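Here is a short tour of a protein model and the DNA beside it. Take a look at the picture, then follow the points below.

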Amino acid sequence: MSSSSSPAQTPSSRESVTPLIVDSSTPVRTGRAQGDGRGDPLLDGLNPQQREAVEYRGPALLIVAGAGSGKTSVLTRRIAGLLRSREAFPSQILAITFTNKAAAEMRERVGHLVGREADGMWISTFHSACVRILRREAENFGFKSGFTIYDSADSRVLLKRIIKDLDADVLGFTPANAGARISKLKNELGDVDSFARNMNVGDPNEVAFLEIFRRYTRELTAANAFDFDDLISQTVFLFRAFPHIAALYQRRFRHVLVDEYQDTNHAQYSLIRELTRPVPADVVARAGFDTPVRTGDGSIPGASLTVVGDSDQSIYAFRGADIRNIVEFERDFPGATVILLEQNYRSTQNILSAANAVISNNFDRKDKKLWTAVGDGDKIVGYTGYTGHDEAQFVADEIEKLHREGMAYSQMAVFYRTNAQTRALEEIFIRSALPYRVMGGTKFYERAEIKDAMAYLTAVVNPADALAVRRILNTPKRGIGPATETQLQNFADNAETSLREALREADTLGFGPKVAGSIRTLSALLDEATALAAQGEVSDVLTLLVTKSGLVDALRMSRDPQDEARAENIEELVAVTKEYERNNPDGTLVDFLTEVSLVAAADELDDSSGTVSLMTLHTAKGLEFDAVFLTGVEEELLPHKMSANEPGGPAEERRLFYVGITRARKKLHLSLAMSRAQFGETAVAMPSRFLQEIPDDLIEWRQSPGTARSRGGFGPGALNGPRGWKGPNNDRDGGFALPRAEKKVWPNAVTGTVRDNGDLELAAGDRIRHTDFGEGRVLAVTGEGSKRVAHVAFDAAGQKKLLIKIAPIEKL
DNA sequence: CGAGTCCTCGCGAAA
DNA sequence: CGAGGACTCG
């Protein structure tokens with residue numbers, strides 16, 4: 001997961017490890033290290049618990065790893081130990097991580113320890129591992145290995161059609177709620193049949209849902225497609241239905257390791273169970289396995305299982321994560337050993353004390369206290385802005401200050417609860433010429449034009465995929481409207497063939513010459529691309545499709561100014577395919593599509609990019625930064641208002657806050673705003689209850705909720721210093737129930753204003769006036785053209801960077 | 001069929 | 001405020 005900064009690897013071990021192990025003249029130690037392990041690179045610098053976690057051998061091991069306790073280090077060394085001692089071949093190891101990035105990092109770190117040998121291991125996410133298995137075994141249960149993977153947006157499109165078709169919207173069904181319900185069922189390994197058996201047949205809502213679920217499933221099957229949840233559950237079904245196939249993997253993987261175990265759902269849990277099951281003697285005999293790990297009775301023992309997790313960091317209940325998986329591990333796997341890692345190597349004690357204080361408010365948890373030997377460190381910085389922009393300005397100013405003091409932008413991150421909060425942050429960051437990247441959110445691959453281009457590729461790989469064919473049918477516009485689409489679909493349904501095949505019948509379906517011609521051209525293009533895909537590179541196929549289809553041209557010709565950027569995005573996608581070819585010389589079109597389908601938000605993180613990272617608290621899990629800005633620490637946002645009525649909701653929100661806090665190595669900033677724009681209007685915000693759970697003396701308020709309130713002209717300000725603040729529930733004196741009408745009363749609140757300054761010329765020494773910061777003097781101007789940046793010392797607001805082109809400034 | 005406009009609704013997190 | 005749907009007109 002994260003590149004832990006534990007002393008376990010910092011002093012000298014990491015550098016010295018590589019030559020020691022790779023150098024063949026060094027005797028390879030077999031078996032376990034003797035004595036205290038001094039001199040053994042795998043154990044050097046580990047604390048006793050970590051060491052035990054690396055060395056323990058047995059059927060099942062649970063490592064309860066607190067935040068920052070060096071678990072990645074432990075996990076990689078554990079794997080390296082298995083390989084080094086020849087207890088396992090690389091091919092016998094399956095390690096499941098939460099993101100592809102974590103997988104890549106783990107592979108690299110094991111590689112450092114044992115060399116090229118690491119290449120044969122399966123280190124991947126649940127979803128990637130399942131796709132790999134499913135593609136390999138697809139033919140065994142009625143799928144073709146070129147199946148499409150539908151993301152949630154694809155599922156929603158499909159459900160929208162179905163709900164409309166069935167007029168189920170009048171019963172309150174929406175693509176979103178039906179999709180969530182289906183997802184939930186699948187996470188519990190439910191299917192249409194099991195739902196039908198257990199449903200209340202007298203409930204019209206359930207009857208309708210059954211029909212939606214049934215149609216959805218049928219359409220997925222017909223399209224040769226799996227949704228995200230299917231990837232896991234279908235693999236489990238496959239293993240259960242075909243023990244001899246399961247046995248292939250049960251025999252192969254002798255060591256299964258699972259990271260972030262607290263966030264596994266029931267389907268994932270079941271998958272692990274299936275994989276670590278012993279193979280009965282009769283199955284071994286029938287399969288004719290020739291294997292050394294057979295026991296006396298002819299069976300193959302179950303694989304050894306190692307799971308790592310921390311129930312305090314369980315934040316994916318909404319995705320079906322079941323905390324019981326980790327809590328009941330010892331019961332599930334009799335004979336399991338549990339090792340606790342509590343020493344933290346990441347954060348300062350002040351940060352950990354805050355984290356401990358917060359999380360201790362959750363009941364039903366085993367008490368666990370993180371501690372560190374590095375000392376108290378700086379206090380946590382608190383700030384209350386008047387508005388979201390104000391808060392963002394604080395963040396931007398602090399980031400610039402830290403940067404001037406020598407901290408790299410890439411070592412700073414801004415977290416928030418909801419994606420919508422990025423807007424104010426981005427507006428201010430752009431204006432401040434601050435280099436940043438938003439992780440996740442509206443991702444590249446979720447853009448409409450990229451999904452269009454990808455749909456062309458999908459239609460080539462999987463002609464059965466009606467969703468993909470439908471998407472490209474009239475994109476770009478080629479005169480094939482809804483009526484034509486319906487006719488084609490009807491023909492396909494009646495002839496029991498696919499939409500793709502129906503395209504070949506354009507001439508026989510009575511369309512006008514223009515429409516029929518369009519269809520014929522499209523069909524021919526798909527055929528041409530299919531032929532090319534058989535031997536050409538992915539980028540060639542994509543280029544052919546996006547040019548000959550007219551997709552790029554249509555965007556270029558459009559007068560919508562945003563379409564130019566969209567055309568560039570498609571160019572960018574072509575570049576992505578070329579990059580993919582370089583990295584995966586043997587990669588097929590299917591492989592490329594799979595990879596794209598399974599990229600996670602955190603996968604985009606590039607340490608070398610030199611930018612500040614913006615991300616949700618969920619995406620932040622497993623990462624760490626020198627400086628963290630946790631924004632929007634307000635009631636209704638964190639904890640989010642939707643969580644209030646959910647069982648376990650508030651506790652999970654607290655864990656989310658806890659996860660955010662524990663990402664910080666040295667500097668933690670907690671910020672909030674007194675009012676926040678949503679739905680285009682301003683709403684009053686109150687400080688989060690979680691703030692009160694942090695002892696006062698750990699936070700240094702630059703501007704406390706109390707002072708922010710008083711400066712705005714409400715009530716007795718002097719009394720409302722940091723200590724005077726009593727939290728959100730104290731209405732009279734410490735409260736923040738501002739009247740709705742009274743907004744914008746803060747004279748010095750920062751706004752998101754921008755202005756087009758054209759080619760305003762500024763030079764060092766010029767005096768300027770800024771809408772928000774008042775007057776100041778230009779210190780220097782850097783950059784070129786539209787990226788010119790003025791470094792300004794404001795008389796009252798301090799030093800700031802401004803992007804000249806858009807900053808709301810005038811020359812005096 | 002398609003482009004344009006008005007209108008409504010929503011923002012919870014994600015592989 | 002923004003996306004997406006319904007509606008209208010050419």
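A residue counts as near a molecule or strand if one of its heavy atoms lies within 4 Å of it. With that in mind, 32 residues lie around DNA strand B, and Asn419, Gly479, Thr484, Arg559 and Glu646 come nearest. This is a predicted model, in which local features need pLDDT of at least 70, side-chain atom pairs count only at pLDDT 80 or more, and totals for chains, interfaces and linings use all residues. Residues are numbered from 1 along each chain as its sequence is written, chains are lettered from A and ligands numbered from 1 in the order in which they are written, and side-chain values use heavy atoms, leaving out hydrogens and water.

**Meeting the DNA**

- The surface near DNA strand B has eleven nonpolar, twelve polar and nine charged residues (Ala, Val, Leu, Ile, Met, Phe, Trp, Tyr, Cys and Pro count as nonpolar, Asp, Glu, Lys and Arg as charged, and the others, Gly among them, as polar).
- Sugar or phosphate accounts for 49% of the atoms of DNA strand B within 4 Å of the protein, and bases for the rest.
- An N or O atom in the side chain of Arg417 is 2.9 Å from a base nitrogen of DNA strand B.
- A polar backbone atom of Gly479 is 2.7 Å from a phosphate oxygen of DNA strand B.

**Domains**

- Chain A is assigned five stretches or sets of stretches, including domain 3 (380-443 + 603-706) and domain 4 (445-590); such bounds come from an automatic or database domain assignment.
- The centres of domain 3 and domain 4, taken over C-alpha atoms, are 41 Å apart.

Conventions
A polar contact is a pair of N or O atoms within 3.5 Å; within protein, one must be able to donate a hydrogen and the other to accept it, and residues adjacent in sequence count only if both atoms are side-chain atoms.
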